[in-house]
4 protein chains.
Amino acid sequence: MTEYLSDPQGSLKTYFATVEDDCTVIYANFGGADPNVDQVEINVRPNCVKPVHVGINYITLEGLEICCAATQWNPPTGVQSGMVDTYWSKGWIIQNCHLHDAKTSAISLGKEVSTGNCECTRYRRKPGYQYQMEAVFKALKRGWSKELIGSHKVLHNVIHDCGENGVVGHLGCVFSEIAYNSIYNIAKKYEFFGHEIAGIKLHTAIDVRIHHNDIYNCALGIWLDWEVQGTRVSSNVFAQNTRDLMIEVTHGPCVVDNNIFASDYNFDNVAQGTALINNLFMGTPRRIDTRDRATPYHTPHSTDVAGVAVVVSGDDRVMNNIFVGAPMGPNGISVSGTAHYNGHGDSMEEYVAKAFAGMPEDHTVFNALKDPVFIKSNLYVNDAPHYDLEKDFTATADNPHFALERVNGQPVLKCHLSTEMLKRCSIVKSWDLGAPRITECPYEDFEGHEIVFNCDLNGTCATLDETQRLAGPLANLKVGDNAVALLAQVARLA
Amino acid sequence: MTEYLSDPQGSLKTYFATVEDDCTVIYANFGGADPNVDQVEINVRPNCVKPVHVGINYITLEGLEICCAATQWNPPTGVQSGMVDTYWSKGWIIQNCHLHDAKTSAISLGKEVSTGNCECTRYRRKPGYQYQMEAVFKALKRGWSKELIGSHKVLHNVIHDCGENGVVGHLGCVFSEIAYNSIYNIAKKYEFFGHEIAGIKLHTAIDVRIHHNDIYNCALGIWLDWEVQGTRVSSNVFAQNTRDLMIEVTHGPCVVDNNIFASDYNFDNVAQGTALINNLFMGTPRRIDTRDRATPYHTPHSTDVAGVAVVVSGDDRVMNNIFVGAPMGPNGISVSGTAHYNGHGDSMEEYVAKAFAGMPEDHTVFNALKDPVFIKSNLYVNDAPHYDLEKDFTATADNPHFALERVNGQPVLKCHLSTEMLKRCSIVKSWDLGAPRITECPYEDFEGHEIVFNCDLNGTCATLDETQRLAGPLANLKVGDNAVALLAQVARLA
Amino acid sequence: MTEYLSDPQGSLKTYFATVEDDCTVIYANFGGADPNVDQVEINVRPNCVKPVHVGINYITLEGLEICCAATQWNPPTGVQSGMVDTYWSKGWIIQNCHLHDAKTSAISLGKEVSTGNCECTRYRRKPGYQYQMEAVFKALKRGWSKELIGSHKVLHNVIHDCGENGVVGHLGCVFSEIAYNSIYNIAKKYEFFGHEIAGIKLHTAIDVRIHHNDIYNCALGIWLDWEVQGTRVSSNVFAQNTRDLMIEVTHGPCVVDNNIFASDYNFDNVAQGTALINNLFMGTPRRIDTRDRATPYHTPHSTDVAGVAVVVSGDDRVMNNIFVGAPMGPNGISVSGTAHYNGHGDSMEEYVAKAFAGMPEDHTVFNALKDPVFIKSNLYVNDAPHYDLEKDFTATADNPHFALERVNGQPVLKCHLSTEMLKRCSIVKSWDLGAPRITECPYEDFEGHEIVFNCDLNGTCATLDETQRLAGPLANLKVGDNAVALLAQVARLA
Amino acid sequence: MTEYLSDPQGSLKTYFATVEDDCTVIYANFGGADPNVDQVEINVRPNCVKPVHVGINYITLEGLEICCAATQWNPPTGVQSGMVDTYWSKGWIIQNCHLHDAKTSAISLGKEVSTGNCECTRYRRKPGYQYQMEAVFKALKRGWSKELIGSHKVLHNVIHDCGENGVVGHLGCVFSEIAYNSIYNIAKKYEFFGHEIAGIKLHTAIDVRIHHNDIYNCALGIWLDWEVQGTRVSSNVFAQNTRDLMIEVTHGPCVVDNNIFASDYNFDNVAQGTALINNLFMGTPRRIDTRDRATPYHTPHSTDVAGVAVVVSGDDRVMNNIFVGAPMGPNGISVSGTAHYNGHGDSMEEYVAKAFAGMPEDHTVFNALKDPVFIKSNLYVNDAPHYDLEKDFTATADNPHFALERVNGQPVLKCHLSTEMLKRCSIVKSWDLGAPRITECPYEDFEGHEIVFNCDLNGTCATLDETQRLAGPLANLKVGDNAVALLAQVARLA
């Protein structure tokens, strides 16, 4: 897969500085502009908006334009800052703002500095992974809890052209809501390379709701890393991203529902315990285990640590989705559809029976087992391959030609459907999904209520009496040609 | 290595029971005794001494004989009970008691039941390893702290002929002292097999002091498992045990000093970060890593969790010991002496430089590195092989013929020494030992003071002005024949 | 006020026992029954339903009759047990049960024993008050948190004829719901005297919802003691109780709405920070301060302690209620209506200005101030006196002759209303009520949402567009005679 | 009692500033100096040494002169800063420094800002007392623990001429040691008035050791406020202070031993649970209760809160001291000697019996009782009056004419003793002192060991075999004239 630069010329407009004896000389590529004539601004504050100390709570930013500031690139083990930084506080509302052209991140919902300050980069005594682990426990001693930290709202913002992230956050993002935002052109000038780069990049997204965002043209759309638990990614539209969604080293429960994944590379699944419900996948996934990096899991709806475990992969719930057949994925590990789950059993009872059979041996028995998966009622088109033990699926070689176009900035889904493609499925209820094997926390919303997946991406809901809806994220589809405008309520530039 | 039964005839005297319609029939092998004539006792209470609920603190048991009771075998993920069970309390003193013939354990310094009740055995949803991990975090929510739990003293007891343990304890044993006890004939009738069996078996032996115990004829002498941090094993005599000492899945700092390991199999080192100072090793060790079972480590002198990591092996300090050459170890992984550390570097600076060289990669770089070790000033006799980068060592093919004998129940060390074997070494001070790479906690005593290793097993101390003492655990050795009586202050039966 | 025995003859049927050398002799007054002929039961288990240890969660009791058991009387500083005891666990559901004739309490949602075991009674070193304080902090170390404790549901039960309580609970009751129960004849044989006796007696009723209960003929209807925060008492009917409701040594926010208080003595207000909204008070209150017993307050929706303070009285919100004029209260301290608040100011700004005026003195200034109160839009009938700074009130000497009768067991409210008595008031929204001065926590529901008081006791709700409703707890009243049946959904015996 | 200014002329050298349109004009009284000729410095950094954020641990300041800086006056509910500020960290060592002429405080061992930022002064919603209470609980959520905070050492410094404090600290000072310092001329120009002013002013001095300091010419020598628990004030010399020592709103155990109190006003005892052992009191005390300000107490050797209580006064231990008769105290509440304890009983058993007699009443009974006191073996000279139930005391009208003089900067105690005044007393051992009634924590050192009071102020120790020593803080006294040089090891200016 070839990656592309969204703005090749713009990518060249960089600068560097040298420190001389009596001054600092800044060398910059201004393109066609003349810095002696045009306006040149140099930012001398570390942030645009950041409290002077931790614990400044319940601040609202409303209707501001915030742009052109350069906070330092930082890993989650440091203070990942941004133009706006909530810095270890609670209850901020950032809404109806226009945030753009951040050197690194537009908004940071991150941690405070005494819980980690880039020790790996500075000392190399232990891997960054290990300092990240330590940061979690330091944070618990420094107030990381629903009572003191997080519960921010990032709503109805337009965020674009940032080098690292639209929204970033480690630890400080817990219990937050990120919704109705447009996020685009993130890291597409390749200002930085590698880790931490995404439209939305969160570590410890406990009980975070990310919904109704329009995320396109990003190096990675949404990247959820470590301790994604009680999280819901719902009704977002992903398009033209190098990758749409990545979930990493985490054990669920995480709910991904009613999204449209329109890029070539949809889902980088380096986790387990995810429920994929009523999504449309137009590209390919990847799914791998990570047996050398244990990460914490938590008591439901809490920052309390319940345990630590590696990811063996599996334990996913995949129901009522549409999978479009697509070429082999980027690395050959996986292909479109759900056939990559073949080899996993489909019942917890069977798994437990095998584990009992291995007694009295302990973890070595479990390490050799594959977690069960719970896959049913999906629609496979254009020859997308299905899981071999799946029940109630529908598969066809026909191609409905799903295409995500953009009309006046708003995404529009087009397709041509046969009768067979209007597959009716039982509406999923989250408490029927069991609980991830490791965390044993039920699938439910952030307040502990059951989620009934009866509403589509555009807000059309089946009544509580109805028991069925169409596969995929849209309710109002018909046989033949469809053109459905999406995300009407999302913030956009005029 | 052939294991042996200490009492083959006694091992046959077992029983079983069948439940009939109206009664329970017990079938027992009474040996030559006639149960209709001799006394038969059936225990109907679950324990001999156990508080009715948690939090019954500062109880003293003094001068009692407690025996012939059958608590259930249990893993650390359940309630590992014993004839005496301190059950999630603080500050018990158990001293000058005679405890014997427990079906499982004589004394339990363990945890309470709501932090784990054998879920692995009952449900097999996750390995026991995982429930053990969860137990640690559950315990923290249930009061596991220096303020509420542990700090027990087990002193001057005679403990023998138990099926599982002399002293056992998970979580509840923190900050405790186990000293001046005789512990023998543990699990040598092979009542049980495998895990948890040892003279002293502790999980989470944080800041525990185990010293001046006479431990012999046990399936395993002392087994320290998980979270051995701030622990000191000092001035004990191990003999005729299948294995003398095992330290497992833990990262230090753990201090093992001035002990005599007289069995064939001395030290099963499944850990890192251990300091071995002034010991006498008459047999072989084993040393392996365990990269599939991360375990917690802690803030110094605290139950607070600081992080979780796997064991890569290494990071040990080995100074001023005597190693006797011995045949190949039980599994070919390791041999006597310290040559098994060859391949490990001898400086933290070099390690860090290699880690920097691997940037920007993270944990994969570290996983490929070998931890440094700090080895010097040891005495190798009878051709025991030494670490190839060791400085200031003394090695000889001569054999001093160390032998541990028992005179009127008291152990006596005999040997024939050449002048060369009276090796004088710099007295080690614990704050000179650095800190284990992972935990970054200094080597020091349980109250945070430096340990100066100037006193020998029998209490003969160099003055603070003296800077040298003999290698090994004994100060008063001379050229030629020696016979040193040991552990005069240990409790013994008359 | 004269108290009465509900069953004078039954009150005589008591027993006592003497311990002889070889037996225990029980002397009992069986009334007219012959114990040699009729059935006599002696309870030998300490409880009917109680887990063997703490942390047994998510148990459901459904449709059982549980009766005639004698747990020990106990204060909150001990283990206040009951026939059913959830014992330091989470998530029990007790519903559709018939619980009666408990010697002390039918249901206990209480604490575990290591947090306090009647130390005051046993040692008298400190007052029970002090041990109660210590129990709160011990409990926090033993797991007292939303994650581990409480969140029980007690629904649709019939509970009657108990000596101490229908439902009792200290610490273990947090985040629970007690609704749709009939609770009557509690402590009316005067089995015990004084503290802890009520239909529902809770300490630390954090975020507890008590609603739609039919509570009558009790020594005290509901007694909420210590740390009543985030609590809502809504839509209950109180009748024929010696006292209906007591709230003690606590600082709010506590919401009491849409209740009918039909006894002579309605509200014993030994607290501050209570919001009384849309209730009907047919009798008198009492209101006092308690400056010698500081109690803890908490972070919103959490067991985390935020501070400790005494009760100075005041800081109440009183809106949209109906007050019926009644004779002088039981002790002369207070009378019906709200005139007892005279002397308190009606604005926080004024309070703060006085506090500033006293600088630099500190707590002595505040101790001399009276907290503001927020009182408006109440209806006063039969000459009930109103607060002198009240706005938008309606007062009349006419008497609507409210009377609570019982038809086939169901309560029916009768009255004769004039046009003036159909007073329309602005619907109260809880986030408009500010926050109690001490705790600074908003008035809201247990999940942190605003409460809109638009629904009446019987479930008739104003639409979200409507801005007004009638004063008092009932929406469907008319001019002239009314007879409104209440609490149709409450459990009752056939 | 008349207070005096130590430097009346210096007190006039103040300044103030006015903000003009384009500049700030500073008006200063330079005394005889000409600011246009002599050096004028204006400090533009908020502190001399303060970390940029919390959690910067294990910093050593050695051998520096730090002076002439102006941090803001602040109460403990704000960030009480100083020229040197350890700011919510652990393990600093400040030694061999010369710190002087701080506008407010030389050294602050205080708290971080999110736990309180002068809310009382800014909002006046609650008293400062209440915000102080809240700060304690906020701090616990922000890491206040032995693991993360405090354990600083302030040793061998010369600190003088500061406006507010030599050393100040709230919360951050726990587990610290302040020793061998000279502290003088604190607040004697009357730069500020009232609260928080002292040579050493600490809140929450948990397990703090203050010893061998030479404290003179201060507005108050040492002021220990709130949560003084496990604290030891030993072997200090107080002279020419307005007051020497104040202990406020705290319940013990606090040990005050081997000090010389040479000012007119020795001890302002607004606490209970203090042990006064082997001191010399040359002036008068005051002792009062404070029943309107409850403060927290703690689990031994921990920041864990165990409860909250008011101070009723009493519960003190007073043994082996010398009391010199002195005129009536400053406010008539108390006089020299121990007769002000008359009316308090001398046994806990008697207290408990009275409390039992008051059953079933609770806190009202206790509020009416006087706590017992434990007073014996003191020496009363110059007609100092003794406690009426005291045993083994010695009293005389003779006057030994104690006088504290200063020779080359070093304090020298002079007196003329009769044989009777060389009173031999049993050496006190701290575990014989019982435990304060409220906190129930034993008197012991900060590591939990018993204190044997066998060493005098100058380091002369009775052997462990000896059972007696002289009353008062000095061992080497003789009949007739004495002149004992004191505190040889304290830092002084050359």
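**The open sheet of chain A**

Reply: In chain A, eleven strands form an open sheet with parallel pairing, in the order β4-β7-β10-β13-β16-β19-β22-β25-β30-β32-β33. At its edges are β4 (65-67) and β33 (394-395), each of which pairs on one side only. Strands are DSSP runs of E with at least two residues, helices runs of H or I with at least four, both numbered from the N terminus; two strands pair if DSSP finds at least two bridges between them. The model is predicted: local features need pLDDT of at least 70, and side-chain atom pairs pLDDT 80 or more, while totals for chains, interfaces and linings use all residues. Residues are numbered from 1 along each chain as its sequence is written, chains are lettered from A in the order written, and side-chain values use heavy atoms, without hydrogens or water.

Within the sheet, β10 (residues 158-162) and β13 (residues 182-186) of chain A run parallel and are joined by four bridges. One of the bridge pairs is A:Cys162 with A:Ile186 in β13(A).

In chain D, strand β18 (residues 231-234) holds D:Thr231. D:Thr231 counts as buried because its relative accessibility is 1%; buried means under 20%, exposed over 50%, partly exposed in between, with a 1.4 Å probe and protein chains only. Beyond four places in sequence, the contacts (heavy atoms within 4.5 Å) of D:Thr231 include D:Ala205, D:Ile206, D:Leu224 and D:Val255. A polar atom of the D:Thr231 side chain lies 2.4 Å from the backbone oxygen of D:Ala205.

Methods:
A polar contact is a pair of N or O atoms within 3.5 Å; within protein, one must be able to donate a hydrogen and the other to accept it, and residues adjacent in sequence count only if both atoms are side-chain atoms.
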